Amino acid sequence: MIAIQPSAPSSAASTYRPSIMATRQAVVSGHYLASQVGFQILEAGGNAVDAGCAVGMATGVLESQFVGVAGIAPILFYLADRNEVLTVGGTGVWPRKASCAFFQKNYGGEIPIGIQASVVPPAPGAWILALREYGTKSFEEVAAPAIRLARDGFPMYPFLQKIIREQEPNTRRWESNTAVYLPGGRVPEIGSIFRQTDIAKTLQYLADEEKAHSSRGRKAGLQAAWDAFYKGDIASTIDRYYRENGGLLTREDMAAFSLEFEPPCRGQYEGIDVYTSGPWGQGPSLLQALNLLKGYDLKAMGHNSIDYVHTLTETIKLVAADREAYFGDPKFIDVPMEALLSKAYADERRKMIRPDTAWPDMPEAGRVKGANWPTAAEKAAGRRAPVGGVDVPAQPAERDLASMDTSYFCVMDRHGNVFSATPSDGILKGPIVPGTGILPALRGMCSWADPDHPSSVAPGKRPRTTMGPALAIRDGEMVMPFGTPGSDVQLQTMLQVLMNIVHFGMDPQLAIEAPRFASYSFPNSFSPHTSYPGRLNLESRIARDVGDALAARGHKVEWWPERAWPAGSACAILKDVRTGVMTAGADFRRTAYAIGS
Amino acid sequence: MKPEQGTATYRPTVMAHRHLVCTGHYWSSLAAFEILEAGGNAVDAGVAAGLATNVLESEFTGFGGVAPTMIYRADRDEIVTLGGVGVWPQAATCAYFQERYKGKVPDGILRTVTPAAPDIWITALERWGTMSFGDVAKSAIRFARDGFPMYDMFLEVLADKGKAFKKWPTTGSVFMPDGRLPAIGDTFVQADLARTLQYLADEEKSHAKNGRAAGLAAARDAFYKGDVAKAIVRQQVEQGGLMTADDLARFRADVETPLRIRFGDLDVYGCGPWCQGPLVLAALRILEKVDLPAMGHNSAAHIHHVAEALKLGAADREAYCGDPKFVDVPLDELLNDANIAARRAAIRKDRAWPEMPPPSALAGRAPVAWTPDPSAGSEASALDREAIPETSYLCVVDGKGNVFSSTPSDGTISGPVVPGTGITTSMWGSRAYTDPRHPAALGPGRRPRMSANPMIAMRKGEMVMPLGSPGSEVLGQAQVQVFLNHVLFGMEPQAAVEAPRVASYSWPGSALPHSYSPGRLNMEARIPAETGAELERMGHKVAWWPRLEWTAGSVCLIHADLRTGLKRGGADPRRTAYAIGW
């Protein structure tokens with residue numbers, strides 16, 4: 001078992017938040033009210049799936065700057081009675097009119113921030129699918145808190161206000177956004193009631209449709225809610241707005257949308273099974289990183305020591321190269337996952353980690369048998385080998401508006417079921433479709449307008465996202481959902497949190513609060529896929545001389561403040577299976593909050 | 001990428017429109033929240049949290065201990081304090097301790113005073129609540145019976161106090177049932193305490209047919225006259241204690257009108273001279289007319305003025321304050337404009353009082369000069385882990401603007417557990433003075449003078465604000481600083497709570513041995529070293545705490561705007577305090 005060590009006796013507070021311990025149930029989410037929503041559903045007898053769907057929708061209201069009710073919703077489930085892990089790849093698919101050629105012709109090969117980047121919004125479908133198969137409550141019951149928070153409002157909080165203030169000029173581009181985020185033409189004051197009545201109406205419409213069909217049973221009701229979104233008035237409204245404004249998404253795309261459960265990817269580390277999403281997200285990169293790290297005695301290196309930070313950073317760069325070269329929607333491309341996750345491959349790749357020299361940029365991807373290498377003819381025609389990392393701009397861009405979103409939450413119920421989800425796609429970055437309160441996920445920005453890229457644009461294809469909800473299980477000992485927002489930093493944050501727990505005896509709260517670092521030395525998942533060769537950001541709680549030594553090894557060290565919000569906002573619930581005690585941690589870098597009893 | 005700090009605070013200011021709870025432990029907050037959601041008012045919820053605190057923080061508080069509480073009932077516009085500390089037994093006199101123990105009050109059974117918490121919780125329910133004892137005790141009973149996961153702060157105190165268990169085997173069998181320290185996450189059960197609480201609930205139920213009041217009275221009698229009282233008396237007899245069945249049966253906590261001052265346009269209410277209420281209110285009054293914002297937050301000048309104001313307040317506490325039913329405390333004279341102005345004038349801009357300043361000179365008064373006990377005053381003893389602060393704090397504001405503000409204390413762990421009950425009879429005799437001339441001298445029926453001081457500030461009809469902290473001598477100092485941070489410096493509740501704090505130790509502590517460290521000023525290391533150097537030059541003996549020091553108090557603060565309904569809560573990151581609202 002992972003031994004959690006008591007902190008050394010000292011009069012200093014050990015963490016800034018208590019480790020929330022629970023014996024029945026626990027919820028951690030990005031906002032205290034969302035955690036409360038999940039907790040209330042659990043107290044009312046709901047299971048983790050019911051609570052998870054409720055938290056997911058409430059998050060779309062409470063953190064609408066980061067998460068859309070019509071955003072994406074990748075979910076990982078653990079079903080305790082079946083001892084089974086499942087995922088819903090809730091990341092949405094490209095409309096039929098989308099193509100690489102379209103973006104090359106109209107946008108110089110970039111995927112712009114705008115409705116052209118919209119995919120079919122998967123979140124409502126993901127919640128409904130989860131409820132239908134593994135939940136116990138109706139859509140109306142789990143949507144009620146989100147509806148109330150949207151209709152009656154909630155107190156504006158500093159972090160949301162800060163984002164609204166930063167995005168004010170962008171928001172003013174669209175009347176529908178201005179009406180929501182700048183009521184009365186001004187940035188709302190902290191503590192004022194912030195309402196999103198159109199979101200409430202949209203969710204209420206789904207609930208009403210469900211009710212109208214509930215005489216035919218729970219599943220029929222849920223189907224009616226699905227149809228209300230994907231085939232009814234909402235789809236029509238979106239269709240009309242997108243046609244008038246040059247979007248690609250149509251009501252036919254919406255109507256044709258379907259979602260299914262998929263098996264997760266699984267890796268092993270120190271006797272722990274780690275489960276993540278498939279290669280439609282960056283989950284498998286975490287597993288690859290763990291494979292690479294098996295060759296090191298990280299504990300002996302010392303936490304956040306020079307060698308430790310260097311080794312993890314180089315590991316991240318190597319897995320980023322493979323992500324760039326191979327990851328994409330597995331329904332469209334052949335991702336050689338088995339080979340990429342094999343021990344032999346990791347042993348080979350590990351040789352590229354040089355103990356005292358940093359890769360100045362992203363290393364080459366590994367050569368994997370079965371990978372889609374170009375034929376000689378294709379090569380002659382200019383098709384690249386899957387190496388990635390070619391788009392290095394001369395000028396580092398400002399922080400990407402598009403990549404600045406996402407939330408994460410996890411729920412564990414009294415039966416041991418787990419819901420681990422990383423919803424995303426806030427509605428500040430594009431036009432809210434008038435009358436609906438929603439913005440169909442702009443997730444297309446995680447594609448490439450390059451037919452040779454594994455995450456190329458293609459009708460019906462899922463963009464390869466950064467989402468990586470995860471779950472760690474050591475049989476009979478521990479179950480731990482964990483995750484974070486943070487775009488390309490997600491995987492890096494999750495890796496560090498996991499190492500803190502596995503190797504350094506930290507409990508989840510301490511593991512989450514520990515100083516973090518992140519590499520930006522690979523193409524951003526979001527268009528224009530900017531890369532910052534060699535850049536390594538360190539929170540300034542990491543010792544100055546560690547940073548200096550890393551710079552001497554070739555890392556382009558940049559200092560974050562002590563707590564940097566781009567370093568993610570991790571949440572985790574670690575359950576000791578033998579005692580049943582759950583210990584939850586919530587990141588102090590943002591507004592995450594844990595509740596458990 | 002622009003470097004960016006995360007959120008401005010380590011935790012969000014929790015904001016809610018319906019109701020908000022902030023307590024010392026997240027499960028206590030949930031217990032209170034559940035009661036509010038079930039339709040209970042702030043008092044019902046506050047008592048639920050208080051009882052839960054007695055279980056979850058039995059290292060810091062006890063069901064047999066003290067629980068000073070302030071309640072505001074909005075519909076009646078009524079504000080009261082429940083003078084939350086028990087009284088000395090009839091047989092306890094200064095002479096008794098002078099003759100037998102050379103004026104010392106030995107550790108253990110002779111320090112017992114009547115348990116106050118049960119009467120306070122029940123009286124609060126009776127007069128300002130709506131629910132039964134059994135209903136509000138449900139969570140506490142479950143936490144005691146089924147246990148809760150052992151957590152790091154509890155364990156740290158347990159490791160420290162465990163040394164005393166040899167002399168108190170009944171305490172050892174509760175806290176170290178297998179003779180060793182539990183591990184973090186181990187389920188910690190207090191079965192006897194669960195039975196005691198359940199017994200009160202059962203007695204209430206069996207009398208419930210005669211109405212809610214009769215039920216509550218039965219619960220009270222179960223404790224003070226029934227089986228619990230019998231067990232307490234048996235232990236007293238066996239161990240040579242002074243408390244009798246009569247002492248217990250006649251005890252009722254004092255319900256009093258709180259002290260009130262004006263601060264700007266706020267009414268600020270503090271508890272009476274049986275605690276450090278007057279100290280806190282005097283310091284606030286002194287500081288109201290000092291332009292602290294102009295000095296800059298936590299500048300040397302700011303810290304100097306705060307520390308000196310607190311020292312001046314402490315000098316008057318030492319000279320004048322005690323149980324007002326027994327000593328004449330000149331509160332009006334101490335807190336009136338003239339005296340406050342004189343006290344303010346006693347602050348020297350560039351020089352610290354090297355020790356505790358002299359008390360207020362009041363006409364016709366000759367206060368007993370305090371002379372430090374040579375065995376008590378050492379620097380070392382003040383820092384000793386023996387002086388680990390006890391106490392918790394909790395507050396609730398409900399949808400109607402009712403407020404519950406309470407500072408339970410008196411850890412079950414700190415004395416001999418009464419066999420079979422899971423409680424320790426209040427050890428607040430540890431606040432004893434055996435010099436009969438001392439205003440806080442012990443005596444039959446007298447309340448020891450304690451440090452806890454739950455507060456409420458308000459602008460009638462517009463806002464209410466409970467504010468409090470544990471922390472012994474630091475408690476009031478933390479309150480003053482957080483109050484100023486929020487009210488004068490305009491910080492959000494969470495930021496006000498988190499801002500770096502200081503504490504003076506330049507007066508005798510309330511608890512035996514009344515340790516005293518002349519001139520000492522502790523500061524959290526987030527305050528710049530230069531500020532410390534400047535204060536040193538003024539004569540403060542600066543001692544550095546870590547960046548976030550858990551003995552610097554654990555403040556909870558709720559600011560409720562009664563016009564918009566918005567409630568904003570801050571919970572201290574220095575300990576396990578947690579805010580929950582909706």
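Visitor: Let's start with A:A58. Leaving aside its neighbours within four places in sequence, which residues is A:A58 in contact with?

Guide: This is a predicted model, so read everything here as computed from it. As for A:A58, it is in contact with A:L33, A:A34, A:V37, A:P145, A:A146 and A:L149, once neighbours within four places are set aside.

Visitor: How should I read a contact list like that? Which core does A:A58 belong to?

Guide: The general idea first: in soluble globular proteins, nonpolar side chains tend to be buried together. Here, the largest nonpolar core has 376 residues, and A:A58 is listed with A:V28 and A:L203 as having the most contacts inside it. Helix α14 (residues 300-320) of chain B gives this core its largest share, twelve residues.

Visitor: Okay, zoom out to chain A. How many helices and strands are there?

Guide: Chain A has 21 helices and 21 strands. Its radius of gyration is 23 Å, close to the 25 Å of the globule rule for 597 residues, so chain A is as compact as a globular protein of that length. The C-alpha trace spans about 65 × 65 × 50 Å along its principal axes.

Visitor: What share of chain A is buried, and what share of its contacts comes from residues 24 or more positions apart?

Guide: Buried residues make up 61% of the 597 in chain A. Among contacts in chain A with a separation of 6 or more, 73% join residues 24 or more positions apart.

Visitor: And where does chain A touch chain B? Which elements are on that side?

Guide: The contact takes 41 residues from chain A and 41 residues from chain B. On the chain A side, the elements giving two or more residues are β1 (20-22), α1 (32-43), α6 (158-166), β18 (556-560) and β21 (593-596). By class, that side has 24 nonpolar, eleven polar and six charged residues.

Visitor: Now strands. What should I look for when I read a sheet?

Guide: Strands of a sheet pair through backbone hydrogen bonds, either parallel or antiparallel. In chain B, seven strands form an open sheet in the order β1-β18-β17-β13-β12-β9-β8, with antiparallel pairing. The edges are β1 (14-16) and β8 (259-263) of chain B; each has a single partner strand, so one side of each is left without a neighbour in the sheet. Neighbouring strands are turned by 15° against each other on average, direction ignored.

Visitor: Which helix packs on that sheet?

Guide: Helix α12 (residues 277-288) of chain B, which touches β8 and β9 (266-270) of chain B, and whose direction makes about 15° with that of β8(B). Inside the sheet, you can follow one pair: β17 (residues 556-561) and β18 (residues 567-571) of chain B run antiparallel over five bridges, and B:A560 has B:K567 in β18(B) as its bridge partner.

Visitor: Pick a residue in that sheet for me. Is B:M455 buried or exposed?

Guide: B:M455 lies in strand β12 (residues 455-459) of chain B. The cut-off for buried is 20 or more other C-beta atoms within 10 Å; B:M455 has 30 such neighbours, so B:M455 counts as buried. Leaving aside neighbours within four places in sequence, its contacts include B:M70, B:V268, B:Y269, B:P466 and B:Q479. B:H438, by contrast, is 17 residues away in sequence and 26 Å away in space, C-alpha to C-alpha.

Visitor: How do I read a hairpin?

Guide: Check the pairing, then the turn. Strand β14 (residues 470-474) of chain A and β15(A) pair antiparallel over five bridges, with A:V479 in β15(A) as the bridge partner of A:I473. Three residues sit between these strands, and A:G476 takes a positive phi near 70° in this hairpin.

Visitor: What else pairs with β15(A), and why call it largely enclosed?

Guide: β15(A) also pairs antiparallel with β19 (residues 571-576) of chain A, over four bridges; there A:F482 stands opposite A:A572. Five of the six residues of β15 (residues 478-483) of chain A are buried, so this strand is largely enclosed by the rest of the structure.

Definitions and conventions. Residues numbered from 1 in each chain as written. Chains lettered and ligands numbered in written order. Predicted model: local features only at pLDDT ≥ 70, side-chain atom pairs only at ≥ 80, totals over all residues. Contact = placed C-beta atoms within 7 Å. Nonpolar A, V, L, I, M, F, W, Y, C, P; charged D, E, K, R; others polar. Buried ≥ 20, exposed ≤ 12 C-beta atoms within 10 Å, placed from the backbone. Pairing = 2+ DSSP bridges. Axes fitted to C-alpha atoms, helices over the stretch in contact; angles between N-to-C directions. Rg over C-alpha atoms; globule rule 2.2 N^0.38 Å. Core = buried A, V, L, I, M, F, W, Y, C linked by C-beta atoms within 7 Å.
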